[in-house]
Amino acid sequence: MANKGSFFQKLLDSLVGGKDADAAKKKQLKNIAKVLSKTHFKFYKPSSDQALPVMGKFFYDLYKALSPCQILFNSQPNPNQYKTAVINFGLSDNQKALIEELSEEAIVENSKKMPFDQLKAKMKSDIAAFTGEFDQAKIQKIDSLYRQLLIFKSFCLFDYYFILKKFDSTIRENEFSKSPRLNAIDASYIANDLKDFLAVLYSIPTNEDWTDLIQLLKAMRGGNEPIKGSQWTKITMRLNQIKASRVFEMIIQLTTKDPLYAAKYEEKRELIVEDFIEKTKNEAQEAVKKLENAQKNSKIDALLKQIFGTTDISSLQYYTDEQSAYFLKKNLGGFEFTKPLNYLKAFLLEYVKRDVRQYADLVLVRGKWTTSPFTAEMSDAYNAILEYSEKITIFDKKLSEEDGEYGKKLKTLLPRADRDKEAANIIKTTLRDNNNIAREYIVSATKQLIIFAKITKLLIEDYQKNRPELMTNWKELERFAETPIAELGVNVYKKIYLVVQLMQGLVGSGAQQS
């Protein structure tokens, strides 16, 4: 029995407590209604829970005043346009001129008028001058203006027409030639709309200076003001009163029977200047890099045609761009020196084993030297060049997926690379090792070609002397030469010189002449 009594007592207490809570809620709502009645905003009638035509008139006046701004914002849906407009508004005339100079079009045009090194120096100077004008105050001012623009845009693009259709179903969008016939409506019908309105209203810093924004809007509209400064000032004064009185919050509390309701809003803040500076720098640098690559590729194509008579050269089977693509797709890296190694191998096959060998046989085998160090140096360089031809072939075969040391490993690991971190790391390491080998072969072989070419140049000069100093039997060698020895020597020197230039352009400092 004691347990039964305890149960019924708890039930009774909960019922009494519920009644007390309900009474307290009603009392709160009654007090809210009393506070609301003392405001000078007669938007709502608590006794009938109706939103009155005066509220509709408030939204209609906003809709009418902001309509040109709505049209402006709706005509420019791309958010980047607003960022550009704000930044341009904040730039000095000098910065605007510098941006023009840093555009791809201007860089391309300037590349036709000045040496490339001068163009790069100009770009760096222009970037420094452009970024130098962005002090902290200027950055903050532009970022703040953009924040204001976003807030103002949200306020303008609020769906006033949707609310007004509830007060007057005959109203037409963006037509203000006649006054609407606004009726009292059930306030609960627009409660959610009012909550959405408060979200944009409360985000507006109505006490800030909006002069720059009004000027910005005018500039965005081609010199026509979508809203006058005096007009916006009156609106912000009215909005301040609305916010201070909390009239809409109280209406929402009463119509939703929720005395604890409080407006929720997010402060919009986005920093745009730093990104813009970085974007401007990157685009200028990219434009220069693009030109540099175009010039480099043009120069490389010209060298290839001089050396091979064509730009279509294929001498490797496995260390190729096609094979590299499989790894690049999975972000594992790739083969970095496919082109220079391919060209070098082709040169060693097609030219060294023909013309260079012919010249070497004449001067190293049949030639009678007066100075032995040059003989040994040229002979060592020639033998090393031939060895690199064989080394490159062996290296390339090791990348065969069928029987190559590296190729089989890469083929086995590649399918697992997406889910197996260790497999991916092994592939990356293997590719890196392969690239190191390829680069070492290119650099070392090029150095040996340079040695051979330097001594060839000395021999060409020696041949032309009345009394040769390096070789004593030039006339005898002429009898064994299929091509006149002077012509052959010049051709060998020129071809090697071109290949060295090619390797230097593709690989960089490691393949430079000493």
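Is Glu283 buried, partly exposed or exposed? In this predicted model, Glu283 is partly exposed, with a relative accessible area of 45%. The points below begin with the surroundings of this residue and then turn to other sites.

1. Glu283 and its partner. Glu283 forms a salt bridge with Lys279, and the closest N and O atoms are 2.9 Å apart. Both residues belong to helix H13 (residues 273-308), where they are four residues apart, about one turn of the helix. In general, an α-helix has 3.6 residues a turn, so residues three or four places apart point the same way. Lys279 counts as partly exposed because its relative accessibility, 48%, falls between the limits of 20% and 50%.

2. The largest pocket. Helix H3 (79-90), helix H4 (93-101) and H13 each contribute at least two lining residues. By class, the lining holds eight charged, six nonpolar and five polar residues.

3. Other salt bridges. The whole structure contains 21 salt bridges. Side chains of opposite charge can pair when their charged atoms come close. One of the pairs is Lys112 with Glu109, at 3.7 Å from N to O. Lys112 is exposed at 62% relative accessibility, whereas Glu109 is partly exposed at 37%. Another pair is Arg416 with Asp420, whose closest N and O atoms are 3.4 Å apart. Here both partners are partly exposed, Arg416 at 32% relative accessibility and Asp420 with a relative accessible area of 25%.

4. Asp143 lies in helix H7 (residues 136-156). Its relative accessible area is 10%, under the 20% limit, and Asp143 is therefore classed as buried. The Asp143 side chain reaches the backbone nitrogen of Ile272 at 2.8 Å. Setting aside residues up to four places away in sequence, Asp143 touches Glu270, Leu271, Ile272 and Val273.

5. An enclosed helix. Nine of the nine residues of helix H12 (residues 247-255) are buried, so this helix is largely enclosed by the rest of the structure. Among the buried residues are Glu249, Gln253 and Thr255, as well as Val247, Phe248 and Met250. Just after H12, Lys257 adopts a positive phi of about 55 degrees.

6. Positive phi in loops. Most residues other than glycine have a negative phi, and most peptide bonds are trans. Asp49 is not a glycine, yet its phi is positive, at about 50 degrees. Asp49 sits in the loop between strand E1 (44-45) and strand E2 (50-51), and it is buried, with a relative accessible area of 15%. Asn331, likewise not a glycine, has a positive phi of about 55 degrees. Asn331 is placed in the loop between helix H14 (321-329) and helix H15 (338-366). Asn331 is exposed, because its relative accessible area of 66% is over 50%.

Conventions: Residues numbered from 1 in each chain as written. Predicted model: local features only at pLDDT ≥ 70, side-chain atom pairs only at ≥ 80, totals over all residues. Heavy atoms only, no water. Buried < 20%, exposed > 50% of the residue type's maximum accessible area, 1.4 Å probe, protein only. Polar contact = N/O pair within 3.5 Å; in protein donor to acceptor, adjacent residues only side chain to side chain. Contact = heavy atoms within 4.5 Å. Salt bridge = Lys/Arg side-chain N within 4 Å of Asp/Glu carboxyl O. Nonpolar A, V, L, I, M, F, W, Y, C, P; charged D, E, K, R; others polar.
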